[in-house]
Amino acid sequence: MRLGNRRSALLAGAVTVLLTLVTACGTSGPGANSGASAWALTGGDEQTIRTSFESWNEGHPDSAINVEFFANDAYKQKIRTAIGANDAPTLIFGWGGGTLKEWVAGGKVADLSAEIDKSPQLVDKFLPSVLETGKVEGKTYALPNNGMQPVLLYYNKDVFAKVGAEPPRTWQDLMALVPKFKQAGIAPLAIGGQSKWPQLMWEEYLVDRIGGPEVFNAIAANEPGAWSHPAIKQANRMIQELVAAGGFVKGFNSIASDSAADSALLYTGKAAMLLMGSWAYPTIKESAPDFIAEGKLGYTTFPTVEGGKGDPANIVGNPANFWAVSAQASDEDKRVALEYLSNGMMNDAYVDTLLSGGSVPPVAGIEDKFAGTDEPEYLSFVYELASDAPSFQLSWDQALSPKQADALLNNLERLFLNEITPEQFSANMDKTIER
Amino acid sequence: MKTGAVETGRTGPHPVMAAPALAFFAVFALVPLGGVVVLSMLNWDGIGAMTWAGLANWASALRDPGTYHALWLSVQVMVLSWLVQTPISLLLGVLVAARGRYRAVLGVLYFLPMLLSSAAIAIAFKALLDPNFGMSLAFGAEWLSQDWLGGADLALYVVVFVIAWQFVPFHTLLYQAGVRQIPRSLYEAAEIDGAGRMRQFLHITLPQLRYTIITSSTLMLVGSLTYFDLVYVLTAGGPGEATRILPLDMYLHGFSANQMGLASVLAVILVGAGLALALGLSKLASFGRGSQLEGA
């Protein structure tokens, strides 16, 4: 009896913790099997998506879509299990890239190309560069559902004024700021290290600034030894220098980004800067509206690195998040989902809600709308940054296969902890290159 | 041969009556276990097709230093948990077992953690231990602002502490029940002989609790192999791999890296370790089995 107990206790434990995490954030509603459903993330653009489904359901009681929201880290594991078990929601929230490729390879998501040929208004509104991320081998499997998400360096203007500092333009500036803030008893940088992926943003930007986007393109193309590129090693040495200098907040390894403790450090003035995707803005606006209203939130691009080959206008992050349609859904549910995608999503009201929440949708020709919002400067900053960038690199953990991404995040965490050297990092990661 | 005669003449329950239980056991325990063994020889990412891997997953799990690290962490957690929880719950159990209004109130307080789910406990402790927003801020005490969960050398002990906080009440309850079963007459006799409290505890309470200690220890040690939810929410195995105990290692291999085959190998190892431990403990427990009152 013990055998079975232990196995099932483990499984039950795994399931319980997921369910606990997940139900804590999910909304209750009708069962997942009755009609079309959608799963999305909490925080960021949650309000826009929630409002959109609410008004869709009001207007279309016969084809209502039941939406549930989950915390990011828990969602990524839950959705995979659900898809593997053919139990996915009709509309699957995703990031494009390597994960979408796997879903396509497994035949789990529907090819939307035929629908798009029939009704081109589905995609006409979007910026073509962003639509690319939802394509696999030229076919569209996913459509953007929220704002463009370049990674920005956010900072607390109050704190900068207090120590008499300017936002960093170069890496030297940044390193020089570290002792300055430490002396004032303020953490230079907030980061949610336990979630691991916030650490990846430092890696992505540094590698891009030093070696340009080609370095990662070689990795994504599975070129042998691609992780041993000098740019990767230099970036990792710089990361370890920053950690050793005390650049990151105390206990950064135990801060989970899901609980938004990282942005809380920024707006409470405990930390001066935060490198984070633009989804941090709606989150901060939601939890500390005064901080933004009083103009205390500063934002700038990632510092340049002297002698670096990468264009300083390059950005990393997520072009957007996407809705894919489950291939397992019934024809009726698929029809409802497609109808929602063409009429309920990214309509005028949707775009307006995104903008007023502080997100910039990847929709062409919306510059005129910025003037009517609370923060026209910020919105046009993000819009121009994203649409003018020579390279907009998808977050590596999404661009790579999940197996490689897991190894990357684990090795990067150990690098931040100084448990491995840049050389060991490259060696460990080179082993994950698939033939 | 006397016992044999008794047995043949016994009109006990017919073996067939065990059939439903055995069937359930087969369907819900043996079949899945067999499934996991088969899965450990397949390559499967959870979504795509399954391909035969033979013993490749086993080889890579046994070659991976991470597996031994996780196993070693699990052993550490097991031993530390036993060392921390046993004396505390034994003493608390003895304390709460005696009659008295204040003891009853204390007893109720001690048992509160039993009512909370692991995830809730983990989230609460995570908030308390946050070096920037946690206890240090709440109580204005700077020394409380340690990097409790972010330091590789401290995190494991913090995890052991939180595990103890969660499970001590349960074991206290066991010991309380055990103590209440000890006949009063033993203590009365000891008092007449002039034994003090300490002597009574050492020479009556402890020996009488022998079987309770074995039961509680078995539950503690075997249970510690399945600690998962608390650690997952509290540290997610971090920082680095400082708290990546075997069940967590299995889960992360399966559901983060999507290597279901490799995760199944670890699951089988876990089953084997648990089985060996449980068998070993029951051997130990039956050693010198006798009456509860023996030696009184």
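Predicted model: local features only at pLDDT ≥ 70, side-chain atom pairs only at ≥ 80, totals over all residues.
Visitor: What share of the contacts in chain B joins residues 24 or more positions apart?

Guide: The share is 66%, counted among contacts with a separation of 6 or more.

Visitor: Which domains is chain A divided into?

Guide: Domain 1 of chain A covers 37-147 + 319-364, and domain 2 covers 149-317 + 394-431. Each is written as two stretches of sequence. Taken over C-alpha atoms, the centres of the two domains of chain A are 28 Å apart. Their contact involves 26 residues from domain 1 and 17 residues from domain 2.

Visitor: How much area do domain 1 and domain 2 of chain A bury between them?

Guide: About 1,500 Å², with 44% of it on carbon and sulfur atoms. On the domain 1 side, A:Gly44, A:Asp73 and A:Pro319 supply 26% of the area buried against domain 2, more than any other three residues. Between these two domains the count of salt bridges is zero.

Visitor: How do I read the contact between chain A and chain B, and how many residues does each give?

Guide: Chain A gives 43 residues and chain B gives 46. The area buried between the chains is about 4,000 Å², and carbon and sulfur atoms give 64% of that. There is one salt bridge between chain A and chain B.

Visitor: Which side chains meet in a salt bridge there, A to B?

Guide: First, the general idea. Side chains of opposite charge can pair when their charged atoms come close. Here the side chains of A:Arg80 and B:Asp45 meet, at 4.0 Å from N to O.

Visitor: How many salt bridges are found over all chains?

Guide: A search of the whole structure finds 17. One of them pairs A:Asp348 with A:Lys369, whose closest N and O atoms are 3.9 Å apart. A:Asp348 lies in helix α17 (residues 348-357) of chain A and A:Lys369 in the loop between α17 and α18 (376-388), so the pair ties together parts that are 21 residues apart in sequence. A:Asp348 is exposed, because its relative accessible area is 57%, and A:Lys369 is partly exposed at 28%. Some salt bridges share partners: A:Arg80, A:Glu102 and B:Asp45 are joined into one network in this way.

Visitor: What does A:Glu413 form a salt bridge with?

Guide: The partner is A:Lys196, with the closest N and O atoms 3.7 Å apart. This pair links distant parts of the chain: A:Glu413 is in helix α20 (residues 402-416) of chain A, while A:Lys196 is in the loop between β8 (187-190) and α10 (197-211), 217 residues apart.

Visitor: Why does A:Glu413 count as buried?

Guide: A:Glu413 counts as buried because its relative accessible area is 2%, and the cut-off for buried is under 20%. A:Lys196 is buried too, at 15%.

Visitor: Which accessibility class does A:Glu132 fall in?

Guide: A:Glu132 is partly exposed, at 47% relative accessibility. Its side chain meets that of A:Lys135 in a salt bridge of 3.6 Å, N to O. A:Lys135 is partly exposed as well, with a relative accessible area of 32%.

Visitor: Now for rings: how many aromatic pairs are found over all chains?

Guide: The search finds 37. Take B:Phe125 and B:Phe161, whose ring centres are 6.1 Å apart. Their planes stand at 80 degrees, so the pair is edge-to-face; the cut-off for that class is over 60 degrees. B:Phe125 sits in helix α6 (residues 118-129) of chain B and B:Phe161 in helix α8 (residues 155-181), 36 residues apart. B:Phe125 is buried at 9% relative accessible area, whereas B:Phe161 is partly exposed at 49%.

Visitor: Which residues do ring pairs link into a cluster in chain A?

Guide: The cluster is made of A:Trp39, A:Phe53, A:Trp56, A:Phe70, A:Tyr75, A:Phe93, A:Trp95, A:Trp323 and A:Tyr340. A charge also meets one of these rings: the charged end of A:Lys76 sits over the ring of A:Trp95, 4.9 Å from its centre.

Technical notes: Residues numbered from 1 in each chain as written. Chains lettered and ligands numbered in written order. Heavy atoms only, no water. Phe/Tyr/Trp six-rings, centres within 6.5 Å; stacked < 30°, edge-to-face > 60°. Helix = DSSP H or I, 4+ residues; strand = E, 2+ residues; numbered from the N terminus. Buried < 20%, exposed > 50% of the residue type's maximum accessible area, 1.4 Å probe, protein only. Lys NZ or Arg CZ within 6 Å of the ring centre and 35° of its normal. Domains from an automatic or database assignment. Contact = heavy atoms within 4.5 Å. Buried area = accessible area lost by both parts, 1.4 Å probe.
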